[in-house]
Amino acid sequence: MEKREQLGSRLGFIMLSAGCAIGCGNVWKFPWMCGQNGGGSFMLVYVICLLILGLPAMVMELSVGRAAQTSPLYMYEKLSGKRKWKIPGIVCLIGNIALIAFYSVVAGWIIYYFVKFLTGQNADLGFEKMITTPSVNVGYLLITVVITFVILSFRLQGGLERITKYMMLALLVLMLVLAVHSLPLPGAAEGLKFYLVPDFGKIDGSVVVGAMNQAFFTLSLGVGAMEIFGSYMSRDYTLAGESLRICALDTCVAICSGLIIFPACFSYGVSPDAGPKLIFITLPNVFANMTGGRLWGTLFFVFMTFASFSTIIAVFQNILACLQESFGWSLKRACAVGTVFILLASVPCILGFNLWSGVQPMGPGSTVLDAEDFLVSNLLLPIGSLIYLLFCVTRWGWGFDNYLTEANTGKGLRLPRWFKPYFSVVLPLLIVFILVQGL
């Protein structure tokens, strides 16, 4: 097996981890989740969940990764020295496969929109026609997976780290520019009120669970996506401080995406509760009615492509690491096998909008994508995070002392020991609540 690589810089780690966290979870899923769950009410609960759930879970995942220096498949077993902990590692791998099975399809949609704007066909985007045509979906999925293969075949520092730094910096700048542009739109004030002013009467169990699930989804927690980057980082800085920076970048992009979309919804008469298709309905209206809209639309969707690729690459990197460590394969061979596997795993999601449209696993009107999203968001992510938590705080796993030592190694913000009751009692109960309510 090839020698394990390391990230070349602290900025590379932060941008890479933030890129994994940001992705479509912020710019695609967060706005429609917010729109369906009361706007400002969801936003308030979501931010609280990031602080009390997401941040502690991220510190744990990065700690396990940095200490284990291995892929999620073997991390628990290596740190505990017990073979029974191999099973949770397998659950992590399954979670990565389930996530990329629908995430790569959504990334293909984004590339489709980028091509439409680039070629001047943005007047008739034909979203419904696109998702109901299997050949078009498969074509853009193939483009997505091949680009991922090419980037990762250049190794960690030369491909993944270098490209992600530029992608994320460009994405952040463009998001801020588009947010500023949306604010003066007619009717934007109503959109901002819906988005930023909470209606406490709308906060119920469904909103709370949705916000909790989104906190895990947007940070890619529970399936080892963050763990793999922890395994490539140095011990120069504490993990609480690094996690806080990643969460701050993630939250900034989520807020900006809402500032772009919700003023536009109210300005152009688009219902904010349109669901997963929201970003594909609203933003084309924005660009169609602005000066230089084709250029701005092209730029937005190319950087949306960057955002989606940052997460796909991270999840793919997890799968590659598992293949390399399990079979001793070279990077290129693991990439080739992984590419074929991802293509096959994504086929059910694509067919769920056309040939398999009669299959409605979540009830009337649902699709295979809905079922895959439920499996990942409501089950695998919270279950994975609960496993991380129990592994880090119990003597049957790694143990709280080992976890705290690893998290506090280096310069920066440190976790106090008196946090142990919160990690041992409060957090597990919150995550169990998420699971029960989600089901």
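Which residues are linked with Arg235 in a network of salt bridges? Arg66 and Glu406 are, so the network has Arg66, Arg235 and Glu406 as its members, given that a salt bridge is a Lys or Arg nitrogen within 4 Å of an Asp or Glu oxygen. One caution before I go on. This is a predicted model.

Let me start with the charged pairs. The count comes to six salt bridges. I will walk through some of them.

Take Glu406 and Arg235. They form a salt bridge, with the closest N and O atoms 3.3 Å apart. Where do the two partners sit? Glu406 lies in helix H16, residues 400-407. Arg235 lies in the loop between helix H10 (225-230) and helix H11 (239-268). So the pair ties together parts that are 171 residues apart in sequence. Now look at the cover. Glu406 is buried, at 8% relative accessibility. Arg235 is partly exposed, with a relative accessible area of 38%.

Stay on helix H16. Asp401 and Arg417 meet there through their side chains, in a salt bridge of 2.6 Å, N to O. Asp401 lies in H16 itself, and Arg417 in the loop between H16 and helix H17 (420-438). The pair therefore ties together parts that are 16 residues apart in sequence. Asp401 is partly exposed, with a relative accessible area of 45%. Arg417 is partly exposed too, at 48%.

Next, Arg83 and Glu77. This salt bridge has its closest N and O atoms 3.5 Å apart. Buried or exposed, what is Arg83? Arg83 is exposed, with a relative accessible area of 68%. Glu77 counts as buried, at 17%.

Now the surface. Please find Leu44, Ile48, Leu51, Ile52 and Phe200. Together they make a nonpolar surface patch of about 450 Å². Phe200 comes from the loop between helix H8 (188-196) and helix H9 (205-218). At 58% relative accessibility, Phe200 counts as exposed.

From the surface to a buried residue. Thr148 lies in helix H6, residues 134-152. It counts as buried, at 1% relative accessibility. What does the side chain of Thr148 reach? The backbone oxygen of Thr144, at 2.9 Å. Leave out residues up to four places away in sequence, and Thr148 touches Phe309, Ile312, Ile313 and Phe316.

One backbone point. Gln69 has a phi near 55 degrees. That is a positive value in a residue other than glycine. Where is Gln69? In the loop between helix H2 (40-68) and helix H3 (72-80). Gln69 counts as partly exposed, at 25% relative accessibility.

To close, three things to look at on the screen. Start with the network of Arg66, Arg235 and Glu406. Then go to the nonpolar patch that includes Phe200. Finish at Thr148, with Phe309 among its contacts. Questions, please.

Methods: Residues numbered from 1 in each chain as written. Predicted model: local features only at pLDDT ≥ 70, side-chain atom pairs only at ≥ 80, totals over all residues. Heavy atoms only, no water. Buried < 20%, exposed > 50% of the residue type's maximum accessible area, 1.4 Å probe, protein only. Helix = DSSP H or I, 4+ residues; strand = E, 2+ residues; numbered from the N terminus. Patch = residues over 30% accessible without salt bridge, like charges linked within 9 Å, V, L, I, M, F, W, Y side chains within 5 Å. Areas by Shrake-Rupley, 256 points an atom, 1.4 Å probe, with all protein chains shown as cover. Polar contact = N/O pair within 3.5 Å; in protein donor to acceptor, adjacent residues only side chain to side chain. Contact = heavy atoms within 4.5 Å.
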